[in-house]
Amino acid sequence: MVNMVIDGRKIKVKEDSTILENLKDLNIAVPTLCYHEELSSFGACRLCTVEIKANGKWKLAASCETVVENGMEVKTDSKKVQESRKFAAQLLYYKYPTTTVVRDVALKLGVDVSDAKAGDNDCILCGLCVRACEEVVEVCALTFRDRGLGRDIDEPEIEFDPNRCIGCGSCAYVCPTGYVKMEEAEGKRVIWDKVFKMVACDVCGRYFAPKDQLEYISQTTGVPMSKLSTCVTCK
Amino acid sequence: MKTVSFSSWNGKIVDNRKGKVSKAAKSLDIKFPAQFGDGVSAVMGWNGLVVMDPGADVVSLTINYLKEARKLSCGECSVCRIGIDKLLDIFGKMAEGDGNKQALSEVEEIVGGVSENSKCNYGQSVLFPVLDAIKGYKTDFESLIKGEKKLEMKEYSSAVTAPCMEACPASVDVPGYIELIKNFRFEEALDLIREKCILPGVIGRVCTHPCEDACVRKDIDEALSIRTLKRAAADYDLQEGSSSLGFPAEEKEEKVAIIGGGPAGLAAAYHLRSMGYQVTIFEALPRAGGMAAVGIPDYRLPEDVLGHEIDVIKRMGVEIKLNTKVEKLSLGDLRKQGYKAVFAAIGSHLGTNIGAEGEDQGYEGFVDGVEFLRDMNLGKKIQPKKKVAVVGGGNTAIDCARSCFRLGFEDVQIIYRRSRAEMPANVEEIEEAEHEGIKINFLMTPVKILAKNGKVTGLECIKMKLGEPDESGRRRPVPVKGSEFTMDLDMVIPAIGQKTELFAVAGKDKFELTDWGTFKVDPVSYMTNVEGVFAGGDCVTGPAILIDALDAGNKVAQSIDCYLRGESVSEEISFEGIDLKQQRGQGYIAKVAAEKAGLLDVDKRVGSFEEVEEGYSVPEAMCEADRCLRCYRLMVWA
């Protein structure tokens, strides 16, 4: 266990935990757009900022990325923290003025949000889909295309590799804005413009999973395809 | 830099403009390399704004700086990505005469917010000079807002480096390939590495990694394992075979001869071939790779790794003639065969004397280190002896000692004349040698080889102490009088240095040589005094590390291309003298534990040359890559 001070309260926390995990345990509200407890932290949205005392100086840090240290002091509601979160929200709103979750969080953090133009949901590059695909599904069909030295791309983006995708839909599930869309009809699922054939349950006849996904599970676990043709409810 | 009108470099204000704050300093305490200084009107870099010409258009410089800055912002954290976009929008509006009075305070707020809350070192440092500009040249920005100022239409130059890139002899874009690895783009990472380093699997295993010493993370927790990450990109290619290299898009008629198939020769061959030249490598030994092939044992660099990387170069259409020693380097003879340019990259494959009595007697059991490693690597059977001493403290000495341990020598010792702190070998190599039970004797040196019936029986050594520092900055070892002693041995391997085999001088062309017996070349073009003959690598610099030789090959290729096209070589941009670690914004950087690559168990190492270091798995490499702070340093000037 590690001793630390959060907003003046002395507490003991688990080693190797992040500040954000502890703030959640303490029911201290922290705005986030790129965080999911089942995934590694990424630090993209910069909304979960707190102040921490490092080498005698107070500095801003993203609470999702910062692992606790013994004797660490944290402020979660100082003026500086409020300003910093508002600043990050303001920028997000500047770039994605029509995205509902961005508008909501910006409004909560005191940004002047106009009433017009809501509802067209953008990709905010939070990276949740990329991490879900990499860490949970372990398929890596989604990757960041970043800018950098000699890489002449105008806007960073998330790239979809149709050859890797198994159509599981985890990306659509974690997407905070609703940008990643998954549609299903007549035994077909469409995600990232790729069409997947769905498999119907042997027992109830309901379409329950894409064929590619079942094949992937069969390949990685060694369970034959014939044993994967029953849906979870009928098993 | 002759005169400075204004500078904010590293936050220190120097202001020599009339009527400005009298307290400000008058002179700049940093000297910029020529291309940022002499003849330049103003430069904006990550660490400040420096104006030489009082009439320079700082507003225009600022906007151009931001455009370049935007290209380097990876885009993963929102504040840096959107912040820079918003700044450009604000300045764009100003330029269109659509700015308002609050615009400058808004700029200030964005710069502050991005610097304080960005994820990496790039975002935390890159915007400070923008703030300096709007503070120091406020009236210029105000006249832009009022529509009284027109922006200068000028060509701006820019350059980018990073502490790790600058430390790398080949200036490999380290943050660039690390970021690609982090994003599961191993093939692209490898392509980027290969632009400057065509032997990534080799360098990723055996480089002495000066980049890691320069890593900014080193001062926070632990330097990134840049070398192992490079290896990860190369290993991915080795496993997936996804290499994207092939025949060049366009063929050229001109033939180029390369003497020596080591790192320098291979690098030059790769680049010249990609430009379309017809390239032939003449290699004296039965295997290509130079010191990478015959100077490094398999447990550090497996044969198939180098083999794969040479195959990739061959697949592009480079011809490698093995067992072909060019005895007399004569451009005339090679010209007759149609070669328009020659690159001598013959390396340094001769051992140097240790200065002990009897070393020239040809005793059985007295074998030079480079020769020992070469014989072993070329498959010669080496009968293990009982007691062997290797003389020297560099990587060659450690390689010899650890090889002897594997060959089954009973007692392996190293004799080094200085102390542990001065040992030039890689720390990890020294540690592993000790784990294997190799004893390192510090502060002693051999004075006489003891022999009986022409066979080595031992060494007479003398103890040393450390005196005053010498030219290399290391403390000079001085013999302790009367401290002589003897060691019983049946083999002695001297491994203290190498020199170049001077066959070249025997040719018709008279080559100018240095005092060290290496080729004398033009520092920019790498051409020798004989027109059309270039030289690079160890045979110019004396024994150096592989990446130095690779870099020479890279540069010679550019130079030969210029020569064949009748153009002159442009000098590289230098950041020399600028402290690249300096950074004004120091946001909080969370400590993250480094990924450790596994090592082969010590008890599995005897009798086996199996690779010791295991490298990273794909997820491990991606995790380690995530620790990179992207310390890109940008300079824009006109």
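The C-alpha centres of domain 1 of chain A and domain 2 of chain A lie 31 Å apart. The structure is a predicted model, in which local features need pLDDT of at least 70 and side-chain atom pairs count only at pLDDT 80 or more, while totals for chains, interfaces and linings use all residues. Residues are numbered from 1 along each chain as its sequence is written, and chains are lettered from A and ligands numbered from 1 in the order in which they are written.

**Domains of chain A**

- Chain A is divided into domain 1, residues 2–96, and domain 2, residues 128–228; the bounds of domains come from an automatic or database domain assignment.
- Contact between these domains involves 7 residues of domain 1 of chain A and 7 residues of domain 2 of chain A, two residues being in contact if their C-beta atoms, placed from the backbone, lie within 7 Å.
- The side of domain 1 of chain A that touches domain 2 of chain A has 4 nonpolar, 2 polar and 1 charged residues. In this classification Ala, Val, Leu, Ile, Met, Phe, Trp, Tyr, Cys and Pro count as nonpolar, Asp, Glu, Lys and Arg as charged, and the others, Gly among them, as polar.

**Domains of chain B**

- Chain B is divided into domain 1 (6–155), domain 2 (165–244 + 590–638), domain 3 (255–349 + 500–564) and domain 4 (351–497).
- The centres of domain 1 of chain B and domain 2 of chain B, taken over C-alpha atoms, are separated by 34 Å.
- Domain 1 of chain B brings 21 residues to the contact, and domain 2 of chain B brings 12 residues.
- On the side of domain 1 of chain B that touches domain 2 of chain B, the elements giving two or more residues are β3 (42–45), α1 (58–72) and α4 (121–125) of chain B. Helices (H or I, at least four residues) and strands (E, at least two) are DSSP runs, numbered from the N terminus.
- α1(B) gives the most to this side, with 6 residues.
- By class, this side of domain 1 of chain B has 14 nonpolar, 4 polar and 3 charged residues.

**Contact between the chains**

- Chain A contributes 31 residues to the contact and chain B contributes 29 residues.
- At least two residues each of the chain A side come from β3 (49–54), β4 (57–62), α2 (79–95) and β6 (142–145) of chain A.
- The most is given by α2(A), with 7 residues.
- The residues on the side of chain A that touches chain B divide into 17 nonpolar, 7 polar and 7 charged.

- The largest nonpolar core holds 253 residues, of which L92(A), C129(A), I181(B), A233(B), F343(B), A401(B) and L546(B) touch the most other members. A nonpolar core is a set of buried Ala, Val, Leu, Ile, Met, Phe, Trp, Tyr and Cys residues joined through C-beta atoms within 7 Å.
- Helix α21 (residues 546–564) of chain B gives the most to this core, with 9 residues.
- Leaving aside residues up to four places away in sequence, C129(A) touches L142(A), I158(A), C171(A), V174(A), C175(A) and V180(A).
- A second, separate core of 5 residues includes F196(A), M198(A), V199(A) and A209(A).
- Helix α4 (residues 128–136) of chain A is mostly covered, with 7 of its 9 residues buried. A residue is buried if 20 or more other C-beta atoms lie within 10 Å of its own, exposed if 12 or fewer, and partly exposed in between, with C-beta atoms placed from the backbone.
- The buried residues of α4(A) include C129(A), R131(A) and E134(A), and the buried residues of this helix pack against β6, β7 (157–160) and α5 (170–174) of chain A.
- Just after α4(A), E138(A) takes a positive phi of about 60°.

**Sheets**

- In chain B, an open sheet of 4 strands has the order β13-β12-β11-β18, with parallel pairing; two strands pair if DSSP finds at least two bridges between them.
- β13 (439–441) and β18 (491–494) of chain B are the edge strands, each with a single partner strand, so one side of each has no neighbour in the sheet.
- Strand β11 (residues 387–391) of chain B runs parallel to β18(B) and is joined to β18(B) by 4 bridges; A389(B) has V492(B) in β18(B) as its bridge partner.
- In chain A, an open sheet of 4 strands has the order β8-β9-β10-β11, with antiparallel pairing.
- β8 (182–185) and β11 (207–210) of chain A stand at the edges with a single partner strand each, so one side of each is left without a neighbour in the sheet.
- β8(A) pairs with strand β9 (residues 188–191) of chain A in the antiparallel sense over 4 bridges, and the bridge partner of M182(A) in β9(A) is I191(A).
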